Amino acid sequence: MRIYTIREVTAEDLPRLAEIERECIPKPWSIAAFEAEFAARGAVFLAAEDENGEICGFVTASSVLDEVSINNVAVTASCRRKGIATLLMNALWDKVSDFAAFVTLEVRESNAPAAALYEKLGYKKVGVRKNFYSEPCENAILMTKTKE
Ligand code: COA
């Protein structure tokens, strides 16, 4: 069984994050977008790497005061259903839960795997953003996890 470790992302990792993002997301962030967000105040970037040091998934979030918004979650196709996104999301929660009142995210209405992941981790559907996504145009489900 492979062992995956969660660690902080460094600037050198950003091209690999952009590569996974291109593989996984219909309208991916560019490297420049990752770099800008990484440099922003309140950014949280975590990666999952295997025992060879290869990054196979990541999560990014922005925080403003006590509100944390997840921006990206992706796991490379060959590494899915091994609990990696769960490890990443739990590590993110542990990292922010001392100051965050809640963590929020959007997910495409058609993205059943991601919605199932978030529900399993305690995120609740709190709204719909009409036509939030483009290419293809689609509603976003807004989900939030609050401290108990
Ligand atoms: N179908 C149904 N449920 C799924 C699923 C799928 N294909 N993939 C994950 N889940 C749910 C299950 O409840 C799963 O628990 P289980 O394996 O015990 O049944 C739970 O999520 C945890 O799965 P996990 O192994 O931690 O997730 P993962 O590492 O495979 O990553 C995604 C899940 C969504 C991040 C991954 O599929 C991905 O990168 N997708 C493309 C990018 C994307 O859609 N990102 C989210 C944007 S909002």
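Visitor: How far does a polar side-chain atom of lysine 120 lie from an oxygen atom of the ligand?

Guide: The model is predicted. A pair of N or O atoms within 3.5 Å counts as a polar contact. For a polar side-chain atom of lysine 120 and an oxygen atom of the ligand, the distance is 2.7 Å.

Visitor: How much of the ligand does the protein bury?

Guide: The ligand, taken alone, exposes 920 Å². Of that area, the protein buries 76%.

Visitor: Which element supplies the largest share of the shell around the ligand?

Guide: The ligand is surrounded by 21 residues, and Lys120 and Asn111 are among the closest. Strand S4 (67–75), helix H3 (84–96), strand S5 (102–108) and helix H4 (112–120) each give at least two residues to this shell. The largest share, 6 residues, comes from H4.

Visitor: How many residues of the shell around the ligand are nonpolar?

Guide: The shell divides by class into 5 charged and 3 polar residues, besides the nonpolar ones. The nonpolar residues number 13.

Visitor: About how much space lies in the largest pocket?

Guide: The ligand takes up the space of the largest pocket. This pocket is lined by 34 residues, with Ile25 and Tyr118 among those nearest its centre. The space in the largest pocket is about 1200 Å³.

Technical notes. Residues numbered from 1 in each chain as written. Predicted model: local features only at pLDDT ≥ 70, side-chain atom pairs only at ≥ 80, totals over all residues. Heavy atoms only, no water. Near = heavy atom within 4 Å. Polar contact = N/O pair within 3.5 Å; in protein donor to acceptor, adjacent residues only side chain to side chain. Areas by Shrake-Rupley, 256 points an atom, 1.4 Å probe, with all protein chains shown as cover. 1 Å grid on protein atoms, 1.4 Å probe; cavity = no way out; pocket = protein on both sides within 12 Å on 5 of 7 lines; lining within 4 Å. Sits in = over half its atoms within 2 Å of the grid points. Helix = DSSP H or I, 4+ residues; strand = E, 2+ residues; numbered from the N terminus. Nonpolar A, V, L, I, M, F, W, Y, C, P; charged D, E, K, R; others polar. Points joined across faces, edges and corners; volume = space filled by probe spheres on them.
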